[in-house]
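Have the sequence and the 3D view ready.

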Amino acid sequence: MKAKNLSPNQRNYDTLPATLNGRVLMKVVALLAVVASVVLLSAETLDAKDLKKEDQFLAAVAGKKLVDGGTWVIISADGKLTGETGDKVKFKGAWAWNKRFWCRTLVVGGKQIPQDCQKVTIDGNQVTFTRNKGKGKSGGTYTITN
């Protein structure tokens, strides 16, 4: 059967030249790849949740060991925190909740680090701190280990 004998509604891909058939297939595959990527990224974003209240923050991390590579920290409910960098330098500090942000001061290896208020996002057992009220660099993504 030849394509010229078929009405436009009766044509199928088998009657198209092989090069056109291949181009159509590649376009369909590319479109499906884009759609799948968007769906996966959207699903990832939907799982992440900004912690906007102190009680949410405490429920998620208080008293638990947070680990990012060789660095770890324990944030206590009483407003204190302790930890160690990947270089084995101990640090301690204090924190307070201020509106929607976790604000902390640190002393790392005897050096005072100024206060920084950070946006906190949680996704499963991963908690991310973003400096400068969420407008700065990442303060790290930590795994909640207990």
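Four strands, β3 (71–75), β6 (101–108), β7 (111–123) and β9 (138–144), each supply at least two residues of the lining of the largest pocket. Strands here are DSSP E runs of at least two residues, and helices are H or I runs of at least four, numbered from the N terminus. β6 gives the most to this lining, with four residues.

This is a predicted model, where local features need pLDDT of at least 70 and side-chain atom pairs count only at pLDDT 80 or more, while totals for chains, interfaces and linings use all residues. Residues are numbered from 1 along each chain as its sequence is written, and side-chain values use heavy atoms, leaving out hydrogens and water.

Now meet two residues. Buried means under 20% relative accessible area, exposed over 50%, and partly exposed in between (1.4 Å probe, protein chains only).

| Residue | Relative accessible area | Class |
|---|---|---|
| Glu54 | 34% | partly exposed |
| Gln118 | 3% | buried |

Glu54 lies in helix α2 (residues 54–61). Leaving aside residues up to four places away in sequence, Glu54 touches Trp95 and Trp97; contact means heavy atoms within 4.5 Å. The C-alpha atoms of Glu54 and Lys99 are 8.5 Å apart, although 45 residues separate them along the chain.

Gln118 lies in strand β7. With residues up to four places away in sequence again left out, Gln118 touches residues including Phe101, Trp102 and Arg104.
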